[in-house]
Amino acid sequence: MDISQELLLLYQNHTGHTATSIKPLPASGSNRRYYRIYDGEQTVIGAYNDDLKENEAFFHFTEHFLNKGLAVPKLLAKDTSKGIYLQEDLGDQTLFHWISKNAKEANYNTAVQAKYKTVISHLVRFQVEGIQGLDLSKAWPIAEFNRQSILWDLNYFKYSFLKTHYVPFDELALENDLQNWANFLLQAPQDYFMYRDFQSRNIMLKED
């Protein structure tokens, strides 16, 4: 399948006219492939993901969050059978880029603190309001951040940091610590939305 052509066709079917060009965007930490579609001054983001179940979860979550008035890009069009969809283009400025770009400004610390307060206020809304009415049967691959999920994350630290950097450690003692940490985390209430990978490279800034 020629992804670019399929996205251009989806764009034409959605808008009723032909885009002027399409350009692939740099790859990120997933298998999804993104493109910027140009139509004069107007742009949208085209995406392709061959994991159709993940797409179904993404579509449901996006529409749910939009209905809640939460800050996610609008879903403009989709072809579920081909794993392609169109989204609102939020530009290129991430929170990470903004922080890096403004590092030498005189009021840097004050500006960064203000920006982070705004960002965290959005995170709290996702956690508290986002779960209300959300159909967790659509979640993929699992609907609950359970013991197995916690231990996957904690063991990622062991196998992708300690072992790859040859940091000496007592594996049995670490394993006991990880199990105790998982027990502690599981005591927290679980009636909230867990927003995964909420970090500065994944947060877009648009119109301040």
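## Aromatic cluster and ring pairs

In this predicted model, one aromatic cluster is formed by Phe61, Phe65, Phe126, Phe193, Tyr195 and Phe198. The structure holds eleven aromatic pairs. One of them joins Phe65 and Phe193: the ring centres are 5.1 Å apart and the planes stand at 75°, so the arrangement is edge-to-face. This pair links distant parts of the chain, since Phe65 lies in helix H2 and Phe193 in the segment after helix H6 (171–185), 128 residues apart. Phe65 and Phe193 are both buried.

A second pair, Phe157 with Phe161, has ring centres 5.6 Å apart and planes at 20°, so it counts as stacked. Both residues belong to helix H5 (residues 147–162), where they are four residues apart, about one turn of the helix. Phe157 is partly exposed at 40% relative accessibility, and Phe161 is partly exposed with a relative accessible area of 39%.

## Charges over rings

The charged end of Lys115 sits over the ring of Trp98, 4.8 Å from the ring centre. For Arg201, the charged end sits over the ring of Phe96, at 3.9 Å from the centre.

Nonpolar side chains tend to be buried together in soluble globular proteins. The largest nonpolar core here has 14 residues, and those with the most contacts inside it are Leu7, Tyr11, Ile22, Ile37 and Leu86. Helix H1 (3–15) and strands S2, S3 and S5 each supply at least two residues of this core. The largest share, five residues, comes from H1.

What is Ile22 in contact with, leaving aside its neighbours within four places in sequence? The contacts are Ser4, Leu7, Leu8, Tyr35, Arg36 and Ile37. A second, separate core has nine residues, among them Phe65, Leu70, Phe126 and Phe193. Of these, Phe65, Phe126 and Phe193 are also members of the aromatic cluster.

## Strand pairing around S3

Strands S2 and S3 run antiparallel and are joined by seven bridges. Within this pairing, Tyr34 has Ala47 in S3 as its bridge partner. The hairpin of S2 and S3 has two residues between the strands, and Gly40 takes a positive phi near 70° there.

S3 also pairs with S5, in the antiparallel sense and over five bridges. Val44 stands opposite Glu88 in S5. Strand S3 (residues 42–48) has five of its seven residues buried, so the rest of the structure largely encloses it.

## Salt bridges

Side chains of opposite charge can pair when their charged atoms come close. The structure holds 14 salt bridges. In one of them, the side chains of Glu54 and Arg32 meet with an N to O distance of 3.2 Å. Glu54 lies in helix H2 (residues 52–67) and Arg32 in the loop between strand S1 (21–24) and strand S2 (33–39), so the pair ties together parts that are 22 residues apart in sequence. Glu54 is partly exposed with a relative accessible area of 28%, and Arg32 is partly exposed at 27% relative accessibility.

Arg36 forms a salt bridge with Asp92, with the closest N and O atoms 3.1 Å apart. This pair also links distant parts of the chain: Arg36 is in strand S2, whereas Asp92 is in the loop between strand S5 (84–88) and helix H3 (95–101), 56 residues apart.

Conventions
Residues are numbered from 1 along each chain as its sequence is written. This is a predicted model: local features need pLDDT of at least 70, side-chain atom pairs count only at pLDDT 80 or more; totals for chains, interfaces and linings use all residues. Side-chain values use heavy atoms; hydrogens and water are left out. A salt bridge is a side-chain nitrogen of Lys or Arg within 4 Å of a carboxyl oxygen of Asp or Glu. Buried means under 20% relative accessible area, exposed over 50%, partly exposed in between (1.4 Å probe, protein chains only). Rings of Phe, Tyr and Trp (its six-membered ring) pair if their centres lie within 6.5 Å; planes under 30 degrees apart count as stacked, over 60 as edge-to-face and the rest as tilted. A charge sits over a ring if NZ of Lys or CZ of Arg is within 6 Å of the ring centre and within 35 degrees of the ring normal. Two strands pair if DSSP finds at least two bridges between them. A nonpolar core is a set of buried Ala, Val, Leu, Ile, Met, Phe, Trp, Tyr and Cys residues joined through side-chain atoms within 4.5 Å. Contact means heavy atoms within 4.5 Å.
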